[in-house]
Amino acid sequence: MSEPILGITNWMHLFRWIVKLIRDEYGVDEKVLTRNAALDGGIGLTAEQLEQVLDHIAETFELTFPENTLNETVRLEDLCTLTAWMRGLYKKPDFVTPLFEERCRSLNNVPA
């Protein structure tokens, strides 16, 4: 893990890291990047840019997101809690269905 993410010990630290990533890479105003901000249209990124965000998170945290993750994660908070859960920093989010959980676990070493 790279130095900037060593201090991430809970989902709120991770949320802040994702906000900074989107702010710095795409110039999105932090005022827009709230927990309830809709990923699709709410933060001003295209589908391609959102995929790039997922790719950056996946690479940084050594994760593999299942296909159609952006269909499962509606809000910015969803993306954050999903990532935190997959890294063992948070309980399984309520929106994660059994089928999506199975897909996440088959691609990653998600803690029980």
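## Basis of the description

Helices (H or I, at least four residues) and strands (E, at least two) are DSSP runs, numbered from the N terminus. The model is predicted, so that local features need a pLDDT of at least 70 and side-chain atom pairs count only at pLDDT 80 or more, whereas totals for chains, interfaces and linings use all residues. Residues are numbered from 1 along each chain as its sequence is written, and side-chain values use heavy atoms, with hydrogens and water left out.

## Helix α5 and its surroundings

Helix α5 spans residues 76-86, and eleven of its eleven residues are buried (under 20% relative accessible area, where over 50% is exposed and anything in between is partly exposed, with a 1.4 Å probe and protein chains only). The helix is therefore largely enclosed by the rest of the structure. The buried residues of α5 include Leu76, Asp78, Leu79, Trp85 and Met86, and what covers the buried residues of this helix includes α2, α3, α4 (69-72) and α6. After α5 comes glycine 88, with a positive phi near 85°.

Within α5, threonine 81 is buried at a relative accessible area of 5%. Its side chain reaches the backbone oxygen of aspartate 78 at 3.3 Å. When neighbours within four places in sequence are left aside, threonine 81 is in contact (heavy atoms within 4.5 Å) with Trp11, Tyr90, Pro93 and Phe95.

Helix α5 and helix α6 (residues 98-107) pack at an angle of about 50° with their axes 11 Å apart, where axes are lines fitted to C-alpha atoms, for helices over the stretch in contact, and angles run from 0 to 180 degrees between N-to-C directions. That makes α5 oblique to α6, since angles under 35 degrees count as roughly parallel, over 145 as roughly antiparallel, 65 to 115 as roughly perpendicular and the rest as oblique. The crossing of α5 past α6 is right-handed, a term that applies if the near helix is turned clockwise from the far one by less than a right angle, anticlockwise being left-handed. In this pairing, Leu82, Trp85 and Met86 of α5 meet Phe100, Glu101, Cys104 and Arg105 of α6. By class, the contact of α5 with α6 has five nonpolar, no polar and two charged residues, where Ala, Val, Leu, Ile, Met, Phe, Trp, Tyr, Cys and Pro count as nonpolar, Asp, Glu, Lys and Arg as charged, and the others, Gly among them, as polar. Glutamate 101, which lies in α6, is buried with a relative accessible area of 18%, and apart from its neighbours within four places in sequence, glutamate 101 is in contact with Trp85, Lys92 and Val96.

Helix α2 (residues 11-26) also packs on α5, the two axes coming within 9 Å and crossing at roughly 125°. That makes α2 oblique to α5, and α2 passes α5 in a right-handed crossing. The contact is made by Trp11, Leu14, Phe15, Ile18, Val19 and Ile22 of α2 together with Leu76, Glu77, Cys80, Thr81, Thr83 and Ala84 of α5. These residues divide into nine nonpolar, two polar and one charged.

## Packing of α2 against α3

The axes of α2 and α3 lie 11 Å apart, and the helices pack at an angle of about 130°; α2 and α3 are therefore oblique to each other. Here too the passage of α2 across α3 is a right-handed crossing. From α2, Leu14, Trp17, Ile18, Leu21, Ile22 and Tyr26 meet Gln49, Gln52, Val53, His56, Ile57, Thr60 and Phe61 in α3, a contact with nine nonpolar, four polar and no charged residues.

Glutamine 52 has its place in helix α3 (residues 47-61) and counts as partly exposed at 35% relative accessibility. A polar contact of 3.0 Å joins the side chains of glutamine 52 and tyrosine 26; the term denotes a pair of N or O atoms within 3.5 Å, and within protein one must be able to donate a hydrogen and the other to accept it, while residues adjacent in sequence count only if both atoms are side-chain atoms.

## The loop between α3 and α4

Most residues other than glycine have a negative phi. Glutamate 62, in the loop between α3 and α4, has a positive phi near 55° and counts as exposed at 61% relative accessibility. Asparagine 68 lies in the loop between α3 and α4, with a positive phi near 65°, and is partly exposed at a relative accessible area of 46%.
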